[in-house]
Amino acid sequence: MFKDPLHIVFMCYCASLVWIFVNLLIPSNVVICPFRLVTHLPCVACGTTTALMLLIKGHILEALLCNLNIIFIVPCIVLYTLSLLCDTFCGTAHTQNLYNKVNVVFKRKLYLYSFFAFELVVWALHFYVKLT
Amino acid sequence: MDLNTNMLMIAYGKYFPSASALTVKQIFETIPEEKKAMLGMLEFKDPTIALIISILVGALGIDRFYIGDNTQGVLKLITCGGFGLWTIVDWFLIMNSTKEKNLQKLLTLA
């Protein structure tokens with residue numbers, strides 16, 4: 001089950017949807033990040049749930065300040081949902097093609113290191129917001 | 001099994017799944033001499049180091065980046081280690097995943 005990367009992506013997608021749904025119904029400050037639980041420091045993805053909740057309520061700027069990663073998390077979720085629906089009802093292989101394209105992008109060092117630089121900025125923003 | 005194959009199995013055996021030992025042995029026996037020198041350049045990843053990375057900073061996806069699974073590393077990073085669950089699962093899977101990746105690298109050489 002864990003050998004096929006598409007299964008892992010699908011499980012993360014389902015877990016994300018369940019998590020967003022639970023947070024919409026029962027807003028809470030439960031911390032699930034292992035990095036934060038151990039080090040008491042926010043990781044790169046911390047604040048994503050809050051950012052998504054703010055985005056759903058229409059507060060775009062506050063959502064971006066919470067976590068910049070939603071810039072590509074939201075399009076990824078939308079794209080993946082559409083691919084999944086296409087594959088289910090039309091018998092296509094869009095999810096596999098999408099995964100392969102993303103794989104090719106991240107195999108190139110330029111894009112990978114650009115992503116890391118972006119994540120460092122997001123992380124620095126976490127600490128800046130926490131301090132101010 | 002000749003001495004060269006023996007030495008290669010001793011040097012590189014731990015990098016590959018034990019279930020594929022026969023396949024690895026056959027590759028080492030049939031590989032041309034000029035390709036044997038390229039073995040060192042393939043940069044096989046150490047499964048033990050992958051496990052240590054997974055335990056320490058696995059929540060940030062660094063273990064997946066280490067073995068070359070960049071997309072999965074990115075996904076793990078932006079989901080807080082797959083909501084913590086993937087982090088724990090990878091503690092048990094990462095060594096085998098590393099060995100499988102190393103085997104794929106070796107098969108490209110054969």
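Let's start with charge: in chain A of this predicted model, the mean positions of the 8 positive and 4 negative charges are 8 Å apart. Chain B has 10 positive and 10 negative charges, and their mean positions are 3 Å apart.

Now, the two chains themselves. Chain A has seven helices and zero strands, and its C-alpha trace spans about 50 × 40 × 30 Å along the principal axes. Of its 132 residues, 29% are buried. If you like surface numbers, chain A has an accessible surface of about 8,500 Å², with 74% of that belonging to carbon and sulfur atoms.

Chain B is built from eight helices, again with zero strands. Its C-alpha trace spans about 50 × 20 × 15 Å, and 50% of its 110 residues count as buried. It exposes about 5,400 Å², and carbon and sulfur atoms supply 65% of that.

In soluble globular proteins, nonpolar side chains tend to be buried together. Here the largest nonpolar core has 17 residues, and those touching the most other members are A:Cys33, A:Phe35, A:Cys43, A:Phe115 and B:Cys80.

Have a look at A:Cys43 on the screen. Setting aside neighbours within four places in sequence, A:Cys43 is in contact with A:Cys33, A:Phe35, A:Trp123 and A:His126, and also with B:Leu60 and B:Cys80 from the other chain. Apart from this core lies another, of 15 residues, including B:Met9, B:Tyr12, B:Ile27 and B:Leu42.

One glycine deserves a stop. B:Gly84 lies in the loop between α7 (80–83) and α8 (85–109) of chain B. Buried or exposed, this B:Gly84? Buried, because its relative accessibility is 10%, and the cut-off for buried is under 20%. Beyond its neighbours within four places in sequence, B:Gly84 is in contact with A:Ile32 and A:Pro34. Within its own chain, B:Gly84 is 6.9 Å from B:Ala59, C-alpha to C-alpha, although they are 25 residues apart in sequence.

Last topic, salt bridges. Side chains of opposite charge can pair when their charged atoms come close. Over all chains, the structure holds seven salt bridges. In one of them, B:Asp46 meets B:Lys14 at 3.2 Å, N to O. This pair links distant parts of the chain, 32 residues apart, with both partners in loops. B:Asp46 is buried at 14% relative accessible area, whereas B:Lys14, at 48%, is partly exposed.

B:Lys25 and B:Glu29 form another bridge, with the closest N and O atoms 3.8 Å apart. The two are four residues apart in helix α2 of chain B, so about one helical turn separates them.

Then there is B:Asp69 with B:Lys101, whose closest N and O atoms are 2.6 Å apart. That pair also links distant parts of the chain: B:Asp69 sits in the loop between α5 (62–67) and α6, and B:Lys101 in helix α8. B:Asp69 is buried at 11%, and B:Lys101 is partly exposed at 22%. Both belong to a network of salt bridges that also links B:Asp63, B:Arg64, B:Lys76 and B:Asp90. Thanks, everyone!

Definitions and conventions. Residues numbered from 1 in each chain as written. Chains lettered and ligands numbered in written order. Predicted model: local features only at pLDDT ≥ 70, side-chain atom pairs only at ≥ 80, totals over all residues. Heavy atoms only, no water. Buried < 20%, exposed > 50% of the residue type's maximum accessible area, 1.4 Å probe, protein only. Areas by Shrake-Rupley, 256 points an atom, 1.4 Å probe, with all protein chains shown as cover. Lys, Arg positive; Asp, Glu negative; His and termini not counted. Charge placed at Lys NZ, Arg CZ, Asp CG, Glu CD. Contact = heavy atoms within 4.5 Å. Core = buried A, V, L, I, M, F, W, Y, C linked by side-chain atoms within 4.5 Å. Salt bridge = Lys/Arg side-chain N within 4 Å of Asp/Glu carboxyl O.
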